[in-house]
Amino acid sequence: MYFVDVILPLPLPKPFTYAVEEAWVEYLQRGMRVAVPFGKQKIYTGIVAQIHQNPPQRYTAKWVEHLLDEEVPSVTEKQLEFWNWMAEYYQCSPGEVLRAALPSIMLLESELLVALHPSCPDYETLVLTDDEYLVLEALQVHPLSVKEIATLIERKQVLPLLQKMIKAHWIEQHQRLNEKYRPKKVRMLRLHTQLKNPQSLKAALDSLSNAPRQSQLLLAFLDQTDHASWKPAVALLKKLGIQSQTARELIDKQFLEESYQKENRKILQSEPAPTQIDLSTAQQTALSEIQAAFTSKKVVLLEGVTASGKTAVFCKHIETVLQQGKQVLYLLPEIALTTQMVVRLQAYFGKQVTVYHSKYSGQERTEVWNRVNHKAGDARLIVGARSALLLPFADLGLIVVDEEHETSYKQFDPAPRYHARDAAIVLGQMLSAQVLLGSATPAIETAYQAREGKYGWVQLTERFGAVQPPKIEPIDLKEAYKKKQMKGLFSKPLFEAVSQCLAQGQQVILFQNRRGYAPLLECMSCGHIPQCTQCDVVLTLHKAKNQLQCHYCGYHIPTPIQCHACGMPHLESKGSGTQQIEAQLEALFPEATVARMDWDTTRGKWDFDQLINAFASQEIQILVGTQMLIKGLDFKNVHLVGVLQADQLLFQPDFRAFERSFQMLSQVAGRAGRHQGQGRVILQTFNPQHPIIQYVMSYNYTSYYKQQLAERRQFDYPPFTRLLRITLKHRNLATVEQAATWLTNVVKQSYNQSVLGPVVPPVGRIRNQYLYQVLIKMPNPISRNQVKTLLSQSLKSFAAIGQFRAVRIAIDVDPF
């Protein structure tokens, strides 16, 4: 008898074992999808992890219900190995990795169906309530899902009603496995086979002498040399200006045949004209150094100043790898970046490029997944955000991690809480693939590894085309406000610079890393500030929607016209967000076209593309945005960048605050003057003499790096140690405090390194769940293994304590 260990898409500590029919064993492979029962009735999609003949010792194995993959496994052997590493390193279950990796369309789950019981008497003879009558009447036609029954009787809670009817043997329930993937089918037309000879064709045309539109459509099939070939119906009818009904009439007369044929969904919307890339001397030198470094190192960092042409160097190296017949993964930190990057890569690599990220539908992602797995010709260069790292690569030769310093590469919730850059390095080792990191402002850890010789290190120190770096001018807001030189949020120099750029037909980018209109609304009579009812945060003012909104849980209320506490109408907004800047710009520069790019304006599938394309084509003159605006975008006509408030980046309760401030300010400065003429950056701040501001102004990465490294070494933070953060959540504050204290004490008893906490985080309650956190420092690999073993044992004891069973625990390795 044969058995399979199956990974289920659930947070289970290990795979479950199922019995499998012997007839299936000969073509069953690791990585194949199977449908298996779990629990009383539910059926889930799982992945075969092992095939063996050892029955489980503690339970009777259930049988595998269906094989969902016919020939090629959906998951590769190396992918399973990578999943196991992720689960072990990031302290989560293999099932959580599975759910994060596979498109939801591929994870079939059963649906509860209700049908008439075979022994149910005629419902007309029963004494029934109105709801019972409606259900039994509808079930006479076909079985219904619970959701359909709830809609039918217009009630949310239907389970008590169904349980009563089941006990009476009127209805029964069973599970149905629904296939979610629907291949795209295109309607095709061609001449009917009976019109192959000239005589029958002439007779057909003669019969249509009084139907000119039908005759026109039929003649369209005679324009081609191959009259029997299929033609797309929609495109043909649109070209001729003919209604679909005309085609239907010809089909009914057996003059045309129709067929619905499978077609890959169109992932990319445009096909740019082919271009060639010519490298400068500095770029060619960098490319040669990268290729030389890969002879001895598997990871290479390309550290190049903004606008130095790192992408062109990447493309030339990608070309070399593609010529070897291997696949390439190009990772980007933000979905917003894929628009410009895909156009550039398409222009150079043509139809070899495809894209994979969460903005695409499940159907589209499933098709990309399958094409990557089958190494299709149009899926050799895959561009995507961090989730693209989990694709089933058939023959991966290179991973490019562009803007490797970006925090967007870190997944925070739900598990697995992985960092795509670090995971990419491990995946590269497993697949013997090269890993090429790129950044103008590398993360401290990456810069340290490069300077210590663990990674290859190549530098590009000059901008492409000998363009000068932009001039950075700090504006002291204390002085500006004191001398009354402010127009709203704009200092006099910034206002004049924007006016000058607009007069010269140039574009402007303004950066404010806070969305909404204002961070808070305050009553000037009593000082009351509206707060979220579910989170410990104040509500943000969104004037466009006339709402106060919580950015953590989505709770919102209409903007009040009087104070909720004292009833007075003296309400004022405090602080500024992107909406307020946009409104002030429209008032100050009424002739200019202003647009905003933040999370609120880019929720749709193509919103990013439309905004970026409109700005690139100079339909927009001033673009206001949050951090998604500064990550590697390239605009030719931007000559001015303004930072409205630099200080809010500097003073965050985070040991990486200075690092992120330097990176963000350097990157936003790099958007100016990238192609011709020296750009200009105006940086408004209350602290112009702050060391980070001075490092940014002088483009002094080396001094900044040394200062940060010295502080990290002194206080024992990465890269000199690894961090692990434990977050405990519960609806009762006392319970979560007791649980956090108990767990911390247990860890401290057996671990002699630094354990910080438990403490309440800056936001201590989210969605009515109170939070406590513990931070553990792990200075070496031995301590990391010790902590993970200790946590595994401690959490088993923790789960056995009754009062703590409802406490949720999230473990985050490398959390910041």
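Which residues does Ile726 touch, not counting residues up to four places away in sequence? Let me first state the basis. This is a predicted model, in which local features need pLDDT of at least 70 and side-chain atom pairs count only at pLDDT 80 or more, while totals for chains, interfaces and linings use all residues. Residues are numbered from 1 along each chain as its sequence is written, and side-chain values use heavy atoms, with hydrogens and water left out.

To the question, then. With contact meaning heavy atoms within 4.5 Å, Ile726 touches Leu743, Tyr772, Gln773, Val774, Ile776, Leu791, Ile809 and Ala810. Ile726 lies in strand β32, residues 722-730; strands here are DSSP runs of E, at least two residues, numbered from the N terminus. Ile726 counts as buried because its relative accessibility is 1%, where buried means under 20% relative accessible area with a 1.4 Å probe, protein chains only.

I turn to the nonpolar cores, sets of buried Ala, Val, Leu, Ile, Met, Phe, Trp, Tyr and Cys residues joined through side-chain atoms within 4.5 Å. The largest has 80 residues, and Ile318 is among those with the most contacts inside it. Ile318 touches Val328, Tyr330, Phe349, Leu381, Leu398 and Val400, again leaving aside residues up to four places away in sequence. Apart from that core lies another, of 75 residues, including Tyr772 and Leu427.

Finally, the open sheet. Its 5 strands follow the order β2-β1-β4-β3-β5 with antiparallel pairing; two strands pair if DSSP finds at least two bridges between them. Strands β3 (33-37) and β4 (43-52) are joined by 5 bridges, and Val34 stands opposite Gly46 in β4.

Notes
Buried means under 20% relative accessible area, exposed over 50%, partly exposed in between (1.4 Å probe, protein chains only). Helices (H or I, at least four residues) and strands (E, at least two) are DSSP runs, numbered from the N terminus.
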